[in-house]
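This report describes a protein chain with its ligands. The sequence and structure are shown first, and the description follows.

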Amino acid sequence: MQKNVTRKDFLLNASKAAVGITAVAGISSLVTTANTQARTQITAWPWPYTQLDPEAARIQAHNFYWNGKDCCAGSFGGITTLLAAALPDPWVNLPMEIMLYGRGGGNGWGVLCGCLNGGAALISLVTSKVDSGPLISELWGWYEQAELPTDQANLVGTSGGYLVHNYDGALPQNVSGSPLCHASVTEWCLVAQKKISDTERKERCARVTGDVAAKTVELLNAHFAGTFTPTYTDPAAVAACLDCHGSAVFNNVMTKMDCTPCHITAHKTGSIVEEVGGSPSSFVLSQNYPNPFNPSTNIRFSLPQTEKVRLEIYDIQGNLIKSLVDYELYQPGNYEVTWDGSDNRGSRVASGIYFAKMQAGKFAHTKKMNLVK
Ligand code: HEC
Ligand code: HEC
């Protein structure tokens, strides 16, 4: 018959085993106090939280950054240290070093800012899955838009309030627009004219570690006081792209990050579209002029409402020749764009019949054009 070993039995046996090994080997220093305590209680997730002082978390996190814990374990440990002081069980049993991997955006890979990683890990440990999502988005969304390090972080520095004083001056600030360590740190270095290895850069990340720890505590305090109201929504630029690429339509792009810095040329055709005045009451694709034409012609279109527009030139066999407007969002108005008679690769096309095809929401229309050389 199989014996049912509960998790409690397992842990008790494991800790007895640890004590046993210690006795045999006589190397008690290898086993920490926490390991040798036979824990009789298993703390269910989520772990307990208590109201903390955000400014105390800031100072602790900054201190850990400089004392070998770096950004990720720094923001995490800045908070767990306060929790361990207030609620020893279970917090004393959790080494902040579990988060060391997050330094430099993940072992120097520059992916997710380590401070954010540490803050989010803490949130996930003390809140339910349903609650953690909005809290994490709030933290990361704030980070994307905030001037970092914050004024408060600089003020603590210039007033000598940190425990480590490698650099106490005010530091330049930047808004990264991204949760990526790579974007945030690299742009700061450009703004501040500093190198990654400079003390000021390290102090910058130490202050940001403090900022994120303080912000995480503020959010958790509010959450547990019942006063947290999520304010994060995808910025307009992200929402515009996710209209199509998000779950409602294509459902094949996973991100909340602003798309445009990385996809600078996506849907950009290089054509110049000019607004020509007036407020149209219907969708129109006008006949091109001049027509017949050589070498270029102008095409006007009208939108009575905001729409994403696609305007393309096809040849008589139905091949796409040129994208003039590629799923770009336009406000209501009359617009004009010039087709210079070249294809998407920049080569001039031959004489013949071409079609201008426009799509805007449900509106679709085609005009026949004649290139005569
Ligand atoms: C109206 C719908 C729509 C919107 C809005 C939209 N896209 Fe697209 N996107 C498409 C479609 C359809 C494709 C498939 C490729 C094609 O046929 O053009 C595509 C393809 C892409 C591709 C891969 C092809 C390429 O261009 O290399 C990228 C990257 C892309 N979109 C990024 C973006 C970004 C960034 C935004 C926001 C600025 C955005 N898209 C907004 C419809 C849209
Ligand atoms: C941090 C940079 C970054 C951000 C932000 C980003 N992407 Fe991408 N995206 C990439 C990279 C890198 C690839 C892979 C490109 C490749 O292999 O050609 C990719 C691939 C894609 C593709 C498939 C590309 C193809 O050639 O078919 C689409 C579509 C796309 N991204 C859309 C988006 C949309 C929409 C957003 C915003 C909601 C977004 N991306 C945000 C970096 C980014």
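## Ligand shells and a buried helix

In this predicted model, ligand 2 is surrounded by Val-238, Cys-241, Leu-242, His-245, Val-253, Thr-255, Met-257, Asp-258, Cys-259, Cys-262 and His-263. Seven of these residues count as nonpolar, three as polar and one as charged.

The shell of ligand 1 consists of Ala-240, Cys-241, Asp-243, Cys-244, His-245, Cys-259, Thr-260, His-263, Ala-266, His-267, Lys-308 and Tyr-327. Helix α10 (residues 236-245) supplies the largest share of that shell, namely five residues. The composition of both shells is set out below.

| Shell | Nonpolar | Polar | Charged |
|---|---|---|---|
| Ligand 2 | seven residues | three residues | one residue |

Turning to the chain as a whole, its secondary structure comprises 10 helices and eight strands. Of its 373 residues, 29% are classed as buried. Among contacts between residues at least 6 apart in sequence, 62% link residues at least 24 apart.

Helix α5 (residues 114-126) contains 13 residues and extends 19 Å from its first C-alpha to its last, close to the 18 Å expected at 1.5 Å a residue. This helix is mostly covered, with 11 of its 13 residues buried. The buried positions of α5 are Gly-114, Cys-115, Leu-116, Asn-117, Gly-118, Gly-119, Ala-120, Ala-121, Leu-122, Ile-123 and Val-126. Their packing partners are the helices α3 (54-86), α6 (129-145), α8 (181-192) and α9 (199-225).

Notes:
Residues are numbered from 1 along each chain as its sequence is written. Chains are lettered from A and ligands numbered from 1 in the order in which they are written. This is a predicted model: local features need pLDDT of at least 70, side-chain atom pairs count only at pLDDT 80 or more; totals for chains, interfaces and linings use all residues. A residue is near a molecule or strand if its C-beta atom, placed from the backbone, lies within 6 Å of it. Helices (H or I, at least four residues) and strands (E, at least two) are DSSP runs, numbered from the N terminus. Ala, Val, Leu, Ile, Met, Phe, Trp, Tyr, Cys and Pro count as nonpolar, Asp, Glu, Lys and Arg as charged, and the others, Gly among them, as polar. A residue is buried if 20 or more other C-beta atoms lie within 10 Å of its own, exposed if 12 or fewer, and partly exposed in between; C-beta atoms are placed from the backbone. Two residues are in contact if their C-beta atoms, placed from the backbone, lie within 7 Å. The expected span of a helix is 1.5 Å times one less than its number of residues.
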